[in-house]
Amino acid sequence: MEKQRFRGWLIGGALLLFMSVLIYSSMGYMKLPVKDVFKIVLGIEDPNITEMQTFIVREVRLPRIIVSMIAGAALSLSGLVFQGVLLNPLADPYTLGISAGASFGAALGIILGLTFLGSFTIPVMAFVFSLISLWTVMKMASFSGKINSISLILSGVIVGSFFSAGLSFTKYIAGDDVASIVFWLMGSFSSKTWPEVYILGGFTFLGILVFLYFGDELNILTLGEKNAIAMGVDTNKVRRILLVTASVVSAVSVSVCGIIGFVGLIVPHLMRFLVGTDNKRLTLICTLWGAVILAAADNMVRAVLPNEIPIGIMTSLLGAPFFAFIFRSKLGRGRL
Amino acid sequence: MINTKDIKYSVPGMDIIKGVDIHIKKGKFYGILGPNGSGKTTLLDILAGIIEGYSGDIDIDGKSIGKYSKKELAKVLALVPQNFDTTFPFSVEEVLEMGRYPHKKKFSYGSRDDKKIIDDVVDELELKDMLSKKVTDLSGGERQRVVFGKALIQDTQLLFLDESTSNLDPYYAHSLLTKVRGRVDDRGLTVISVFHDFNLASLYCDEVIFIKEGKVVKSGETPHTLTPENIKYVFNVNSKMMEDENRKFVIPYM
């Protein structure tokens, strides 16, 4: 029965994702019929479609929608893996200090006015600093080559607060730049282009492969250290690979899109509720539904609301009450 | 089956295992007995490949334990830890299926043999009614039976039990140990089990190994080794032996 439910949500998610691309591309300041969008996406010639329309769909809307989808998938997957590896239902992609490191890096780039890589300067700064933060956390948490979840979470808190203080300091001395820092921190998919799709997509795709490959191991890890080793899982190795992969996937997403909260925490919980706890299934389901959910949220801020608000605000504003409802009604009672 | 030479293990400030040599023969049931903090669980964890960083040699089936990959080792030995808790609501069936992990290839579904092994254990341990339940909804004792089942499904030649029956009611404790004993007699399974209960050791073990302060102090065949003198020496309690035709019971008292 669970298998059929899984199939249903998988196929449903895939269809919805495909339809979202077409429908969201038709929405916005310039409205377009969905069938025209369909033709533009597939490159079918039609004399009624103007060059302007083609440009807007292909170069403005599609990259933004697809980036929002990949980021949704990346954050959900990374949250899923963190919760499983750290055996902690409160873990999310930012638990190991990725977001604090990225924020500090981006803010530093902004106040120093760095432009050495053109428009990629700030994302690269954010990425580099999130990796520094990840590396520090991993080093701090390992004792004679072994890492456990408590020391990882604690190290994440320590490193995170260090970079948060750094961020506050940069904001304090930023002067007029403080607006751009705050805007970056709140996350956005606006003016995303195809190169960002490829970068984010490439990393996320590799991440999915790694997560699928280690799906069985991730399941077994949740039975606890002793059980996992006695069942033949090299817990240290697997944990490291999964944590680093999940962190890099979320770091790329944060670097490209800024900080988008809540998706990485709630999507895995919702999906577990829908299709069970098996992490191989959840990897596929979180990929699809994370994409569907974040794209829907971004479409809301872009095309439905009269004024665009940052996506990071939207996800938490909608996510928190929604999750509270699910939590109270279904997920409480000692279950996840 | 297992031979160890001078195993020593310490953590900063404390020597836990101080030179242990044991020789485990195939097809026998061994009981490890010792006071709290004597190093029983640590020894079992070292033999199971869970604790590394000890000194000395361990041979399993003529091959040094360090030469086994984690997965190879899990094909040879399974462990039922003292207790088992998880935050994630896997179904009992899913947990049992994980027991086949060391035998499975990546991305393969369970074969017909896997299925048969699982079904047999489910019947044997009376787990049928639990299959679709979430492990997080089970009581401690029920969870323990599931982990026991998972270890049997791993289908190894060696089974390590770490006080695995201490939170089970008498029916399931004896029923599980009887089934394990049956596998020792019928299939040549080798079992090493940490016990706190002298009776269980007396009823099920071929040999007992007494551990005190990180050392083996007495070992040998149960009838000659599990004696009031040895129990007094190791645990500092008195005990009385009672016998019927083919069983010996041990009752400790102060």
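Student: In which handedness of crossing does helix 8 of chain A pass helix 13 of chain A?

Tutor: Helix 8 of chain A passes helix 13 of chain A in a right-handed crossing. A crossing is right-handed if the near helix is turned clockwise from the far one by less than a right angle, and left-handed if anticlockwise. Helices here are DSSP runs of H or I with at least four residues, strands are runs of E with at least two, and both are numbered from the N terminus.

Student: Before we go on, what kind of model is this?

Tutor: This is a predicted model, where local features need pLDDT of at least 70 and side-chain atom pairs count only at pLDDT 80 or more, while totals for chains, interfaces and linings use all residues. Residues are numbered from 1 along each chain as its sequence is written, and chains are lettered from A and ligands numbered from 1 in the order in which they are written.

Student: Okay, back to those two helices. At what angle do the axes of helix 8 and helix 13 of chain A cross?

Tutor: Roughly 160 degrees, and the axes come within 8 Å. The axes are lines fitted to C-alpha atoms over the stretch in contact, with angles running from 0 to 180 degrees between N-to-C directions. Helix 8 and helix 13 of chain A are therefore roughly antiparallel to each other, a label for angles over 145 degrees.

Student: Which residues make the contact?

Tutor: Helix 8 of chain A brings Ile208(A), Phe211(A) and Leu212(A), and helix 13 of chain A brings Lys280(A), Thr283(A) and Thr287(A). Two residues are in contact if their C-beta atoms, placed from the backbone, lie within 7 Å. By class, this helix contact has 3 nonpolar, 2 polar and 1 charged residues. Ala, Val, Leu, Ile, Met, Phe, Trp, Tyr, Cys and Pro count as nonpolar, Asp, Glu, Lys and Arg as charged, and the others, Gly among them, as polar.

Student: New topic: how many helices and strands does chain A have?

Tutor: Chain A has 14 helices and 2 strands. Its C-alpha trace spans about 65 × 60 × 35 Å along the principal axes.

Student: And chain B, how many helices and strands there?

Tutor: Chain B comes to 9 helices and 13 strands. The C-alpha atoms of chain B fill a box of roughly 55 × 45 × 35 Å along the principal axes.

Student: What share of the residues in chain B is buried?

Tutor: Buried residues make up 43% of the 254 residues in chain B. For chain A, 49% of the 336 residues count as buried. Buried means 20 or more other C-beta atoms within 10 Å of a residue's own, exposed means 12 or fewer, and partly exposed is in between, with C-beta atoms placed from the backbone.

Student: What about Glu163(B), what is its phi?

Tutor: Glu163(B) has a positive phi of about 45 degrees although it is not a glycine. Most residues other than glycine have a negative phi. Glu163(B) sits in the loop between strand 8 (158-162) and helix 6 (170-187) of chain B.

Student: Is Glu163(B) buried or exposed?

Tutor: Glu163(B) counts as buried, because there are 20 C-beta neighbours inside 10 Å. Glu213(B) also has a positive phi, near 50 degrees, but counts as partly exposed with 15 such neighbours.

Conventions: Angles under 35 degrees count as roughly parallel, over 145 as roughly antiparallel, 65 to 115 as roughly perpendicular and the rest as oblique.
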